[in-house]
Amino acid sequence: MGTKKMKTDLDFEHQVWLQRGLCYYCDKEMSQDEGIVSPLPPSHVTRDHYIANSRGGKRIVASCHRCNNIKGDWGAERFRKVVRELLQNEAIEAAWHEQVPGLDATLRRAVFIERMKDKQREKPSIHRQRRIKREIIIFLRQVKKLGSR
């Protein structure tokens, strides 16, 4: 069992190297190199399943702690696209790796909205459409609060 653990660790270290020390989802630096000040200490590098364990996933990518916690069992490529869209907002981008109160809830709401939009495309519902509109209004208020801090 020790050999398997060592191989897994080496595979993960190789994955971090392949990603150049950047989070797979948000592209933020996860560890410190010589002379480069990083927003995250190396302990914040986490292993994330490209396809969630609950869906039979095995491939591992390196991600920052925040992305790993927010992603849940959502598909990696869809989550990556949503994160990159969120980071285009200056308030969210500035606070991404800071300890800002309420940021995780705001980001989870954004992911929740995107999941609801996906379901709406698959199976349209008037109730869901109204809920999406309400959630977007709340999300925009939360982002505005982030920007004012």
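Helix α3 passes helix α5 in a right-handed crossing; a crossing is called right-handed if the near helix is turned clockwise from the far one by less than a right angle, and left-handed if anticlockwise. Before going further, please note that this is a predicted model, in which local features need pLDDT of at least 70, side-chain atom pairs count only at pLDDT 80 or more, and totals for chains, interfaces and linings use all residues. Residues are numbered from 1 along each chain as its sequence is written, and side-chain values use heavy atoms, with hydrogens and water left out.

**Two helix pairs**

Two packed helices are described by the angle between their axes and the distance between the axes. Here an axis is a line fitted to C-alpha atoms, for helices over the stretch in contact, and angles run from 0 to 180 degrees between N-to-C directions. Helices (H or I, at least four residues) and strands (E, at least two) are DSSP runs, numbered from the N terminus.

| Helix pair | Angle | Axes |
|---|---|---|
| α3 (residues 76–86) and α5 (residues 103–122) | about 125° | 11 Å apart |
| α5 and α6 (residues 126–148) | roughly 155° | within 10 Å |

The angle of about 125° between α3 and α5 makes α3 oblique to α5. Angles under 35 degrees count as roughly parallel, over 145 as roughly antiparallel, 65 to 115 as roughly perpendicular and the rest as oblique. On the α3 side, R78, F79, V82 and L86 meet L107, A110, V111, E114, D118 and R121 of α5, where contact means heavy atoms within 4.5 Å. The residues of this contact divide into six nonpolar, no polar and four charged. In this sorting, Ala, Val, Leu, Ile, Met, Phe, Trp, Tyr, Cys and Pro are nonpolar, Asp, Glu, Lys and Arg are charged, and the others, Gly among them, are polar.

Now for the other partner of α5. With axes that cross at roughly 155°, α5 and α6 are roughly antiparallel to each other. α5 passes α6 in a left-handed crossing. Residues of α5 in this contact include L103, R109, A110, F112 and M116, and those of α6 include R131, I132, I136, F139 and L146. The contact of α5 with α6 divides into twelve nonpolar, four polar and six charged residues.

R131 is worth a look in your viewer. This residue sits in helix α6 and, at 32% relative accessibility, counts as partly exposed; buried means under 20% relative accessible area, exposed over 50%, and partly exposed in between (1.4 Å probe, protein chains only). Leaving aside residues up to four places away in sequence, R131 touches F112 and M116. R131 and M116 are 15 residues apart in sequence and 8.7 Å apart in space, C-alpha to C-alpha.

Most residues other than glycine have a negative phi, and most peptide bonds are trans. R20 has a positive phi of about 60° although it is not a glycine, and D27 has one of about 65°. R20 lies in the loop between α1 (2–18) and β1 (45–49), and D27 is also placed in the loop between α1 and β1. R20 is exposed, with a relative accessible area of 64%, whereas D27 counts as partly exposed at 39%.

**The chain as a whole**

The protein chain has six helices and two strands, which run α-β-β-α-α-α-α-α from the N terminus on. Of its 149 residues, 40% are buried.
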